[in-house]
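Could you walk me through this model in my viewer, one selection at a time? I would like to know what to pick next and what is there.

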Amino acid sequence: MAFFQPLLTPPVHCSLTLFLFFLVVVPLLPPAAPMPLHEVYSPRLAYRGPVIPVSNLVKFLERLQVVALNSFGKLDFDLKYYVDLSLKFDLNSTERAFDALSRSSNGSVPVEDLKSFISEYFDSAGTDMVYSDPVDFVPRPQGFLPKVENAEVRAWALEIHNYWKNLSRKVSDDIIHRPDAHTLLPLPMPCIIPGARFREVYYWDSYWIIRGLLASKMYDTAKGIVINLISMIDEFGHVLNGARAYYTNRSQPPLLSSMVYDIYLRTGDLEFVRNSLPALIKEHMFWNSGFHSVTVRKAPGGNHSLSRYYAMWNEPRPESSLLDEKLASKFVNNYDKQRLYRELASAAESGWDFSSRWMRDHTDLSTLATTSILPVDLNVFILKMELDISNLARAVGDFCLAYKFLEASLVRKKTINSIFWNSEKGQWLDYWLDNGSHKGVHAWDARSQNKNIYASNFIPLWIESFYNDSIQMKKVLKSLRKSGLLCNAGIATSTINSGEQWDFPNGWAPIQHMIIEGLARSELKEARVLAEDMAVRWLRTNYVAYKKTGYMHEKYDVQKCGDFGAGGEYVPQTGFGWSNGVVLAFLEEFGWPEDQNIDC
């Protein structure tokens with residue numbers, strides 16, 4: 001869009017004046033200032049920062065984790081399974097029975113005794129979510145993927161469409177009647193889960209699941225997912241990483257406004273928009289206040305307010321507790337251990353858990369410094385949130401609110417280009433805070449930009465504010481081609497092979513979608529051509545891997561068509577919500593010609 005010079009203060013007669021303002025000045029608008037920082041920085045604030053405690057049930061299940069690992073051994077051991085168990089009886093009687101089990105000197109329990117105890121006192125992980133038949137699912141939706149002409153590709157797309165039935169869940173009745181017996185949260189609506197070990201709703205996964213649901217014409221299911229996420233804001237003040245009691249201390253990339261906006265574009269449901277706006281405003285405040293908010297001063301522009309990831313937690317993550325403890329064992333004092341635990345949880349909040357992007361030493365995960373980094377993509381997501389809120393407010397006639405968030409978006413766009421943009425590289429680069437603090441005002445230093453190449457350096461392309469800037473877009477397009485990220489089977493997450501899953505050679509559906517969708521919407525023909533080329537590569541690798549394995553995968557190895565990804569702290573997962581959603585979104589956008597081969 002062509003940005004106008006904003007008024008310095010809102011008009012006095014807000015509703016009428018701004019109605020005319022938006023009608024005349026911003027007829028085709030595409031899809032409050034942060035709190036000031038007054039505290040003096042202390043190097044131990046990361047250690048002494050906010051902590052949201054977990055429930056007594058979660059603490060007990062962590063004890064069970066330790067005994068289970070000592071007793072069963074490491075083969076195929078998934079820590080998350082144990083914190084997903086549900087109690088058959090009350091916690092006190094379960095703990096008494098657990099404490100009464102005979103133990104060896106290393107704390108282990110005879111295998112058969114432990115198996116019997118778990119069977120008697122717990123329901124299996126995943127049983128707290130039961131199958132739910134989606135009310136809006138039809139096997140062959142009318143108008144489904146009209147651009148897909150190839151029969152083989154259409155058959156595959158319908159199989160992926162059918163996965164929505166397989167992944168559809170609702171909370172069990174027992175959760176409603178005995179919420180304290182479960183770590184799963186009592187969500188009000190049915191939902192779509194990612195799949196495999198991810199048995200619950202996850203925040204940013206839900207955006208791409210919704211994109212797929214919209215392609216499948218499942219608008220009611222998509223709205224239900226949003227209602228579930230809003231219920232978290234109502235309960236906790238932010239959308240949780242996932243719908244578990246052990247996730248209450250962190251969020252994930254904030255894409256709720258994108259979900260609401262995309263659903264509105266398909267349905268025109270203004271009541272849905274009205275009901276969603278208060279939660280979106282509350283989420284905007286969450287990401288622009290307190291420990292998430294940082295100020296950077298750069299002459300001549302003055303102070304710039306940005307956001308970072310910061311988990312409200314400084315202990316091992318319950319779903320990965322023993323892994324975190326092992327990593328922290330190299331540190332002697334409690335301060336260093338708790339600092340690392342917060343960095344681990346904050347990296348999980350970023351969605352990129354884990355990546356060399358957050359590490360001071362790419363070979364050592366214990367050097368994570370997530371809270372010391374101002375991420376490009378997070379601030380782009382917040383810019384999009386501001387544009388979405390402005391558009392949605394305008395749709396329901398709240399022109400004062402629309403104006404306020406349009407103003408905020410203009411300021412943030414300027415900030416993103418001022419702090420992150422590197423003209424020499426033609427990329428937006430993450431910024432390292434000079435003293436690791438979020439407090440006080442940081443003086444901008446070009447040397448603090450992270451010069452390594454990550455796919456996140458190109459996420460601003462997803463936002464119209466950037467992909468419509470043809471001069472900047474030409475530089476970015478040239479840089480992207482030379483970056484080393486464009487591979488045979490998709491866009492790599494980075495150019496560093498660290499062994500972590502959010503690094504080379506893995507490619508992830510969300511990254512492909514944001515970059516490719518931005519390229520496709522550019523006015524530059526060469527950008528649109530590149531978008532289609534990369535979409536075809538991604539669709540092919542998904543298809544071939546599906547035919548080889550029978551599954552859609554969480555991530556893919558972009559070096560070779562048809563290979564799924566690896567690395568990280570758990571085995572590769574199948575299912576898979578956001579991969580399914582992006583395939584359907586790409587097929588809806590680009591189609592597939594009848595005579596074009598889908599094999600590698």
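With 11% relative accessibility, cysteine 487 counts as buried.

Next, move to cysteine 561 itself. Its partner is cysteine 600, and the S to S distance of this disulfide is 1.8 Å. The structure holds 1 disulfide. Show the loop between β16 (555-557) and α21 (577-590) to find cysteine 561, then the segment after α21 for cysteine 600; the bond therefore ties together parts that are 39 residues apart in sequence. Turn the view to the S-S bond: its torsion is about -70°, so the disulfide is left-handed. Cysteine 600 counts as exposed, at 55% relative accessibility. For another cysteine, select cysteine 191, which is buried at 1%.

Now for the largest pocket, which has about 810 Å³ of space. Select Arg197, Ser320, Leu323, Glu569 and Tyr570, the closest to its centre among the 36 lining residues. Then colour α4 (79-83), α9 (203-215) and α13 (321-328), each of which supplies at least two lining residues; α13 gives the largest share, with 3. Colouring the lining by class shows 16 nonpolar, 7 polar and 13 charged residues.

Finally, colour by pLDDT. The chain's mean is 92, and 91% of its residues reach 70 or more. Residues 1-9 stay under 50, and residues 27-46 are also below 50. Where pLDDT is low, the predicted coordinates should not be read in detail.

Technical notes:
Residues numbered from 1 in each chain as written. Predicted model: local features only at pLDDT ≥ 70, side-chain atom pairs only at ≥ 80, totals over all residues. Heavy atoms only, no water. pLDDT = per-residue confidence, 0-100. Contact = heavy atoms within 4.5 Å. 1 Å grid on protein atoms, 1.4 Å probe; cavity = no way out; pocket = protein on both sides within 12 Å on 5 of 7 lines; lining within 4 Å. Points joined across faces, edges and corners; volume = space filled by probe spheres on them. Helix = DSSP H or I, 4+ residues; strand = E, 2+ residues; numbered from the N terminus. Nonpolar A, V, L, I, M, F, W, Y, C, P; charged D, E, K, R; others polar. Disulfide = S-S within 2.5 Å. Buried < 20%, exposed > 50% of the residue type's maximum accessible area, 1.4 Å probe, protein only.
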